[in-house]
Amino acid sequence: LKYAVSNAPYFAKGAISVIEKTGLNGILSFGAKNPLEDLISVAELTDDKKTKEQTEKISREKGLSYPSALSLFVKENYSHKLSAVLEDANNTLAIEYIKQAKSKQLPLEFCAVERLGTSHDSLYKTDNIASAMSIRNELYKEYNSQKEQYNLYNLKNFLPEEALNVYEQAIKDSNMPVSKEKFELAAMSRLYTYDAEYFSKINN
């Protein structure tokens, strides 16, 4: 859970750790806006302790997300062209996957799958393509409409049939949707029970 709710470097660290423990090798594919060679270039350029520390400092001081802070750091210290690669959230995570895999010397090849249709955080839908954020918003909107029956009709064109079936079953079992507000309350309540020693070790 600590990796799932963390920023890009720690999210990627958790994912690559799982791959490492399986002992599998082959191709690691991920969504991205830019070609693989751009991602590898930025990964190699920013794969050092100073970049990570300075990025997290910028993030804290300016209240920026990790991708925005990293993009700003690269723009100020390297080039605008490379920073533009980091303006896309999918690119940022892809770059962290590459860095984590190389740090563990895993025998993996990389495959960047071009993102089509809407952007990562877009609320707009194009044809039969919608971003995850758009789908989540539709789910919450439907949930908050106070209808007697939770309806997934507006999402039928944007979800694979298998996913739709899982959602419909989860609704029947009262396991969906997960309230962001309730999750935040539960997470914060749990965090308040930990001491300073726990937080000092959380990312190790």
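Contact here means heavy atoms within 4.5 Å. With that cut-off in hand, turn to the structure, which is a predicted model.

Start with helices α1 and α6. From α1, the residues Ala8, Pro9, Phe11, Ala12, Lys13, Ala15 and Ile16 take part in the contact, and they meet Thr92, Leu93, Glu96, Tyr97, Gln100 and Ala101 of α6. Helix α1 covers residues 8-22 and helix α6 covers residues 89-103. Two packed helices are described by the angle between their axes and by the distance between those axes. For α1 and α6 the angle is about 50°, and the axes lie 8 Å apart. That angle makes α1 oblique to α6. The crossing of α1 past α6 is right-handed.

Setting aside residues up to four places away in sequence, Gln100 touches Pro9, Ala12, Lys13 and Ile16.

Follow the chain out of α6 to Gln105. This residue sits in the loop between α6 and β2, the strand at 108-114. Gln105 is not a glycine, yet its phi is positive, at about 55°. Is Gln105 buried or exposed? Its relative accessible area is 71%, so Gln105 is exposed.

Next comes the interior. In soluble globular proteins, nonpolar side chains tend to be buried together. The largest nonpolar core in this model has 25 residues. Within that core, Leu28, Phe30, Leu39 and Ile95 touch the most other members. Which elements each supply at least two residues of the core? They are α1, β1 (26-32), α2 (36-45), α4 (66-77), α6 and β2. A second core is separate and has eleven residues, among them Ala130, Leu152, Leu155 and Leu164.

Neighbours within four places in sequence are left out here. Leu39 is then in contact with Phe30, Ala32 and Asn34, with Val85, Asn91 and Ala94, and with Ile95, Ile98 and Ala112.

Helix α3 spans residues 49-62, and it packs with α4 at an angle of about 115°, the axes being 8 Å apart. This crossing is also right-handed. On the α3 side, the residues are Thr51, Gln54, Thr55, Glu56, Ile58, Ser59 and Lys62. They meet Tyr66, Ala69, Leu70, Leu72 and Phe73 in α4. The residues of the contact of α3 with α4 divide into six nonpolar, four polar and two charged.

Two further residues of α4 complete the tour. Ser68 lies in this helix. Its relative accessible area is 36%, so Ser68 is partly exposed. The C-alpha atom of Ser68 is separated by 15 Å from that of Ser79, eleven residues apart along the chain.

Lys75 is also placed in α4. With a relative accessible area of 38%, Lys75 is partly exposed. Beyond its neighbours within four places in sequence, Lys75 is in contact with His80, Ser83 and Glu87. Lys75 and Glu181 are 106 residues apart along the chain, and their C-alpha atoms are separated by 35 Å.

How values were computed
Residues numbered from 1 in each chain as written. Predicted model: local features only at pLDDT ≥ 70, side-chain atom pairs only at ≥ 80, totals over all residues. Heavy atoms only, no water. Axes fitted to C-alpha atoms, helices over the stretch in contact; angles between N-to-C directions. Helix = DSSP H or I, 4+ residues; strand = E, 2+ residues; numbered from the N terminus. Parallel < 35°, antiparallel > 145°, perpendicular 65-115°, else oblique. Left-handed = near helix turned anticlockwise from the far one by under 90°. Buried < 20%, exposed > 50% of the residue type's maximum accessible area, 1.4 Å probe, protein only. Core = buried A, V, L, I, M, F, W, Y, C linked by side-chain atoms within 4.5 Å. Nonpolar A, V, L, I, M, F, W, Y, C, P; charged D, E, K, R; others polar.
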